[in-house]
Amino acid sequence: MPEKISDKKLWQQPIEDIIRDAGDGLHLEVPGLASKDQPDDGGDWKETAKKILKSYYLGFSGTQWHQFDKSTDNDIMRAKICFAMFGEFRIGFVFVCCKHGVKQFHVPVFSVFVGPDRSGRDLRTFLDLQGRTYKDWDDWKSNNCLPELEYYYPKRGFFTCSGDESYTFDAERDPDVEFGKSPACKTSSQFLSRTDTLSKLTFIGSGIVAIAGYFTPLGPVVLATAVRAGITSTAYSAIRGASRLYDKGVHGESLVDFESLTLWLEIVAAPLQFTSSFDNARLVAGAQQGRIYSNSIRNLAFMLNFTTLGVDGVMVGFGLAELIDKASKKEVTALDVVHFSMSVFFFSNTLMEPKVASSIIRQAQEMHLNSYMDKMSDVTIKETFKYFMDRNRGAGGIKDTSKIIRTVNRMKDPNSFFKSLSPDDKIDIGGRKGQTVLVSDAKGDVNRINPNRMIQSEKGPDSSEPFNFKEDYRKPNKCDRKDANDVD
């Protein structure tokens, strides 16, 4: 029976800790080996790695399997390398010699016997220090989670010197080993890593634009572009999260640990944020058209926004826990801090000003009307326009404001129309569709006017003057009915 290593808890150590602590004794020692804390000596490292693997090969003295009994070896069986196994089983060890920068170290990979194949050859699954399982050795070589490094390993996943898939032990011969690079060195892995960073930077960039929009007037194109970029970044994170969860599931990792819960939240948050953004955009577009959606659509927006707020709150909590964990390991970066701070800002802002449907519509209405006022040529016209809005707001509800927007939207040239009116004129909306307005002068004469038809009264072949509304009036109690006297 081999010496128990449960006191070291090697399999519970993240690979980053193993690399960081290489040379400090966090590995299984083999008598006669030199210290692992060696300088980078270029090509000599490969020869050193071969000697290390041969030392392990000789140390096993031909032993392929180590047998354990559940009733007597409970401590070791509780290790991650022995999960989900019952009764007696056989387990093997191989070692991988790694070089990460100037550090040289080796890590174990465990194999569990799962039965023979049709030819009688032993089949095995593999387990690494992160608790990931691999269906065969090729799976480990293609999908292990080691960082970018070079390594030497037994070519077939077990020590042999046969030159083929059969097992042979001969102390006079070198074991079959192979040199390679970790999957993280692949171009595709590096591309995804850079894309992950770009996605995070895109989220931060769009967040900065959105924050600037709170304090400075930004163009709608800039804001819309920032929103689209933020949604794209969120969608990409959800796709990457789903891919990572699939990989964890395939390789036997927990789907309910801290990392997995964070990924699940990202996947849930993405469609929620997209749907709530889409529904809010519909409310805003309707408000700019003078349209008010039904209560059912507004209630849907309310539920989506508050559900998204709840998910965002949980994600902020998870983000804080992750930041604290990284800080304890001295792995936190400026990008991590900025990303978390941005998330806290948006969550806090939404928490203080919840996005209920009525507030979204009211804000969109005010922004739309202010955009008309900003385009007017002088202060007098702006005051006339503001007087028109204040006079027709009624109780100040979104429905009264929608009538104002419908009326102004139908005007081809609001600036010219309000310029043509006297500051003393009282301007009321002429109907539900907003096609006309009622203008009352100081004498109480009321005229129904279509702002898009400026009727001219000819005074001579070469002269004209604006139409005098006072010549075509109606009594206030008859202004709800259009007839031949209406100015159209």
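## Helix 7 and helix 8

Helix 7 (258–288) passes helix 8 (residues 295–328) in a left-handed crossing, a term for a near helix turned anticlockwise from the far one by less than a right angle. Their axes are 8 Å apart and meet at an angle of about 150°. Helix 7 and helix 8 are therefore roughly antiparallel (angles over 145 degrees count as such, and angles under 35 degrees as roughly parallel).

The model is predicted: local features need pLDDT of at least 70 and side-chain atom pairs pLDDT 80 or more, while totals for chains, interfaces and linings use all residues. Residues are numbered from 1 along each chain, and side-chain values use heavy atoms, without hydrogens and water.

## Helix 10 and helix 12

The axes of helix 10 (residues 357–374) and helix 12 (residues 398–409) come within 10 Å and cross at roughly 30°. That makes helix 10 roughly parallel to helix 12. The crossing of these two helices is left-handed.

V256 lies in the loop between helix 6 (220–250) and helix 7. V256 is exposed, with a relative accessible area of 64% (exposed means over 50%, buried under 20%, with a 1.4 Å probe and protein chains only). Together with L255, L261 and W264, V256 forms a nonpolar patch on the surface, with about 370 Å² of accessible area in total. Patch residues have over 30% relative accessible area and no salt bridge, and nonpolar side chains are joined within 5 Å.

## F113

F113 is in strand 3 (residues 103–116) and counts as buried at 18% relative accessibility. The C-alpha atoms of F113 and I91 are separated by 6.2 Å, although the residues are 22 apart along the chain.

Conventions: Patches are made of residues with over 30% relative accessible area and no salt bridge: like charges are joined within 9 Å, nonpolar side chains (Val, Leu, Ile, Met, Phe, Trp, Tyr) within 5 Å. Accessible areas come from the Shrake-Rupley method with a 1.4 Å probe; for residues, only the protein chains shown count as cover. A salt bridge is a side-chain nitrogen of Lys or Arg within 4 Å of a carboxyl oxygen of Asp or Glu. Helices (H or I, at least four residues) and strands (E, at least two) are DSSP runs, numbered from the N terminus. Axes are lines fitted to C-alpha atoms, for helices over the stretch in contact, and angles run from 0 to 180 degrees between N-to-C directions. Angles under 35 degrees count as roughly parallel, over 145 as roughly antiparallel, 65 to 115 as roughly perpendicular and the rest as oblique.
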